[in-house]
Amino acid sequence: MEHMHTNALILIAEDEPEIVDILKAYLHREGLRTVWATDGRTALELHLSLRPDLLLLDVQMPQLDGWQVLAELRRRGNTPVIMVTAHDQDLDKLTALRIGADDYVVKPFNPAEVAARVRAVLRRTQCQDESSTPVLRVGTLEIDLEAFRASVRQGEHLHSLPLTLTEFRLLAHMARAPRRVFSRGELIHACLSTESEVLERTIDSHISKLRKKLEDAGLPGIPLSLRGVGYRLEDIA
């Protein structure tokens with residue numbers, strides 16, 4: 001399956017040319033294409049015009065910092081993002097993942113490890129986009145994107161979940177990035193009709209019903225609620 005991410009375009013948002021040169025060399029060695037933005041504003045412009053497959057996004061940049069860029073990217077969609085942070089920044093992995101990053105690396109980093117992280121995130125996201133693999137699997141949960149059917153594997157048997165279309169969309173959307181926390185606003189935008197104004201508590205109601213059905217199928221406590229932030233599907237054992 002290695003061929004899937006060859007020729008993918010990686011947008012490097014980083015204002016230190018020496019670091020960019022090193023990253024480019026390692027990514028090119030993997031058969032990946034690169035484009036470089038020296039500040040946050042340019043990164044957002046290039047994201048719109050070039051539609052890169054993944055962003056390597058430095059936290060400390062001129063114009064807009066990495067967190068501001070990430071927030072705008074998540075308003076636009078689900079382009080994979082790996083954050084690059086400095087050692088002296090008081091930021092833990094949970095914070096990075098909670099606000100929408102797919103992964104993160106800390107400076108000074110091993111460029112070979114960064115290239116491996118890029119490959120891993122691309123493989124994960126492109127597997128999900130391949131029409132030949134329309135089934136998402138998260139632990140014992142199986143989501144058939146073509147048949148709009150979700151099931152829980154119990155030994156040799158599949159227990160089908162009686163989901164509404166909205167519940168299915170919510171579950172499938174979160175299953176694409178099970179460790180990521182999705183805000184209510186994101187879930188409304190991605191999963192609910194835009195024809196009428198949807199209140200955030202509507203999401204809470206849908207999630208509550210979805211959680212009850214998952215619990216009935218032997219998967220209690222998911223999706224996980226993070227007070228004031230949103231919901232995460234979590235890692236399912």
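**A buried arginine and its helix**

A: R74 counts as buried, because its relative accessibility is 8% and the cut-off for buried is under 20%. The residue belongs to helix α3, which spans residues 66-76. This is a predicted model, and side-chain atom pairs are counted in it only at pLDDT 80 or more.

Two polar partners can be listed for the R74 side chain. One is a backbone atom: the side chain of R74 reaches the oxygen of T79 at 2.9 Å. The other is a side chain, that of D102, which is joined to the side chain of R74 by a polar contact of 3.0 Å.

R74 is one of the buried residues of α3, a set made up of G66, V69, L70, L73 and R74. These residues lie on the same side of α3, because the arc they cover around the axis is only 135 degrees.

At the N-terminal end, α3 is capped by D65. A side-chain oxygen of D65 lies 3.0 Å from the backbone nitrogen of W67.

Elsewhere in the chain there is an open sheet of four strands, in the order β6-β7-β8-β9, with antiparallel pairing. Its edge strands, β6 (135-138) and β9 (157-160), each pair on one side only. From one strand to the next, the twist averages 25 degrees. Helix α6 (residues 165-175) packs on this sheet and touches β6, β7 and β8, with its direction at about 110 degrees to that of β7. Within the sheet, β7 (residues 141-144) and β8 (residues 149-154) run antiparallel and are joined by four bridges. In this pairing, L141 stands opposite V152 of β8.

As for confidence, the average pLDDT of the chain is 83, and 84% of the residues score at least 70. The lowest confidence falls in helix α4 (residues 93-98), with a mean of 64, whereas strand β1 (residues 9-13) has the highest, at 96.

Technical notes. Residues are numbered from 1 along each chain as its sequence is written. Side-chain values use heavy atoms; hydrogens and water are left out. Two strands pair if DSSP finds at least two bridges between them. Axes are lines fitted to C-alpha atoms, for helices over the stretch in contact, and angles run from 0 to 180 degrees between N-to-C directions. Contact means heavy atoms within 4.5 Å. Buried means under 20% relative accessible area, exposed over 50%, partly exposed in between (1.4 Å probe, protein chains only). A polar contact is a pair of N or O atoms within 3.5 Å; within protein, one must be able to donate a hydrogen and the other to accept it, and residues adjacent in sequence count only if both atoms are side-chain atoms. The arc is that of the directions from the helix axis to the C-beta atoms. pLDDT is the predictor's confidence in each residue, from 0 to 100.
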